[in-house]
Amino acid sequence: MKRIALLGMPNTGKSTLFNRMTGGTARVGNWPGITVELLSGRILLGGDMVEIIDLPGIYDLHGFSDDEQVVRHFLHDNVPDLALVILNTTQIERQMSLLLQLKRLDINLVVMLNMADEARKFGISVDAAKMSALLELPIFLLSAKYGTGYPEALQAVTKALRYPTPGMAEHLRSQLEQDGHIEAEMARVLKHTVQVPAQLSDRLTEKLDSVMLHPVLGLPIFFGVMYLLFQGIFIFGQPIQSGIAAAFSWLRETALGPLLGGLPQVMQGFLLDGVYNGVATVAAFVPVIVLFFLFMAIVEDSGYLSRAAFLMDALMARLGLDGRGFVMLLMGFGCNVPALMGTRVMRSRAMRLLTMLVIPLSLCSARLQVFIFFTAALFSHEAAPVVLFSLYMFSFAAAIVTALIFKNRFRNTEPFVLELPPYRFPTVRQMALRGWVEVRHFLRRATKFIVAGVVMVWLLTNLPPSAVPASADTFAGMIGGAMHPLFAPIGINEQLTIALIFGFIAKEIVIGALAVIYSLSGDALSGAIGHQLDWVQAYSFMLFTLLYTPCLATVATLQSESKQFRFTALSLGWSLGLAWLVSFAFYQGARALGY
Amino acid sequence: MSATTLATLRAGDTATIVSIHAEEALHLRLLALGFRNGKRVKLIRMASFSGPLQVRVGTTDVMLRRAEAAKIKVQII
């Protein structure tokens, strides 16, 4: 099968084009380095199946960071039949250097000048036909985001695929030594084909930046926006979640209960109190997750992440990290796993490891579900969003403390140079796609972990058969009892202890496990928990949930990215220890103060 | 018309790059981002608490730390 590789600098829209070509769901965003691994998809082109490969962005062919090496190795080991070079038209005056480097490799090339819409808006004009003639390459202006110019470009790709790729990059390195010539050629081509206005007419970005990056107001605006986002998620998401939970309870009473009435008591209990209650309680959070990721898609696509890196770099530098590390923490709000993989853009291994040590402390969307449930159950409607926000602040604080403690062990001198892209807005299609991808991800986790988790919890709370369900004589009761000396000082009871143990697999299981343990769902469950716990116990439980190991997938990613068992063990041990100490200090402190 | 480094410019200053004195990896990254001898750079703003600088080179806005900026010799216009 013929193979097409997408090549270009970071943040030029390779993944956007990949999604358009293959109908794929690669994650996109206005941030250099969203894609850090190879993605492939197959399409029918001119009657043949063709494999399209989306590669991480590279600044040049000499790159030293892990994601750039992925590209170099790929080009070396699998010569593509065609390389689609994607350049940001707005930045053609610097990105052409990569094209000229690639041209020396003697592979079939088709060039896409992407973001042509933006370039036009900024007043930059490119004579693609003339450039094509000067460089002797097929060159097309297009917008991968909106699709203009795409059909013509695709036709050229189909045509170019008919010819075999001429040579290969056998002597990749030696070919690249002659960068000197590139500069002169670049100047020659640009002079004849590109016109850039003396003053870029991107007034919007300049105006927004003068507010967003304001020396005094910048940081308060950042935290203010964050507060409003999470308040929005709570105010809109929580009622929907509670409504769906109620619908699931109704479905059980009116349909499932009578339907399964003929089964033996134990089977009914297993299916309804175990599997159904557990999974339904978790599934009620799907709209919250979608809402959260729609917000996240807007933030990631807007270009604001780079601004956050700019604002926070001064602090991050004192912690042995840089602005990118802060952005990874923000990405970790969605899911810690891609954030951990995102650290591949860092060249210094020490900085990469230090960043990977703080990312698991970032309050991910799975933990958000637990917190929405608990804050709604224990706090007034006015207080709950504030409590939720305080947990995000705790998440940052834990990351800061961790970096301060470990920065000398992971000392580094990584330079910090990063692009600030213009502000953009995602299309409705892109947002819908992101929401769908996250629902799919959630469902995959649900079928993998959540069902197995709630079944295990049901078995533990109902076995041995002689014991009264959920009593101290069950296996769950025994485990909870055995762990009691460890968890009593932080105000966590036996039932919550069992939920926490299963939360080690995935945080989504925590709420599902509680539904099974209490054999309640919906409002009845939050009512029971609100009745049994006071706010100090609940907050201590939430702090522990926030800080201890996020999930098995995160642990596996820590290991596969660091390839160092000692590091994974350090991360696990540290987060557990920190969780216990912080919960202990909070719980005992609050009690000592008389709460 | 004095030779100085990018790190000593003030917000709003425009200068021409004279030379870049960085180790290979950083040098290549700067080249790829558009920093080349003879190119014009404008210092847009500086972050507070001695944070990074926002610099416009060609049509690209780049942030870099003062330590990195000190490796770029410029001539103020």
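This is a predicted model: local features need pLDDT of at least 70, side-chain atom pairs count only at pLDDT 80 or more; totals for chains, interfaces and linings use all residues.
Residues are numbered from 1 along each chain as its sequence is written, and chains are lettered from A and ligands numbered from 1 in the order in which they are written.

**Chain A as a whole**

I found 26 helices and nine strands in chain A, taking helices (H or I, at least four residues) and strands (E, at least two) as DSSP runs numbered from the N terminus. The radius of gyration of chain A, taken over C-alpha atoms, is 27 Å, close to the 25 Å that the globule rule (2.2 Å times the number of residues to the power 0.38) gives for 595 residues, so chain A is as compact as a globular protein of that length. I also noted that 49% of the 595 residues count as buried, meaning that 20 or more other C-beta atoms, placed from the backbone, lie within 10 Å of a residue's own.

**Two domains**

I read the assignment of chain A, automatic or from a database, as domain 1 (2-195) and domain 2 (220-592). Their centres, taken over C-alpha atoms, are separated by 39 Å, and the contact between them takes 15 residues from domain 1 and 21 residues from domain 2.

**One residue, Leu84(A)**

I then went to strand β4 (residues 82-88) of chain A, where Leu84(A) is found. Leu84(A) is buried, because 25 other C-beta atoms lie within 10 Å. Leaving aside residues up to four places away in sequence, Leu84(A) touches several residues, among them Ile4(A), Val110(A) and Val157(A). Met112(A) is 28 residues from Leu84(A) in sequence, yet the two are 7.0 Å apart in space, C-alpha to C-alpha.

**Where chain A meets chain B**

My last entry concerns the contact between the chains, which takes 26 residues from chain A and 26 residues from chain B. On the side of chain A, α13(A) gives the most, with four residues. I also saw that β9(A) pairs with strand β5 (residues 60-64) of chain B in the antiparallel sense over three bridges, pairing requiring at least two DSSP bridges, and that Val417(A) stands opposite Leu64(B) in β5(B).

Methods:
Two residues are in contact if their C-beta atoms, placed from the backbone, lie within 7 Å. A residue is buried if 20 or more other C-beta atoms lie within 10 Å of its own, exposed if 12 or fewer, and partly exposed in between; C-beta atoms are placed from the backbone.
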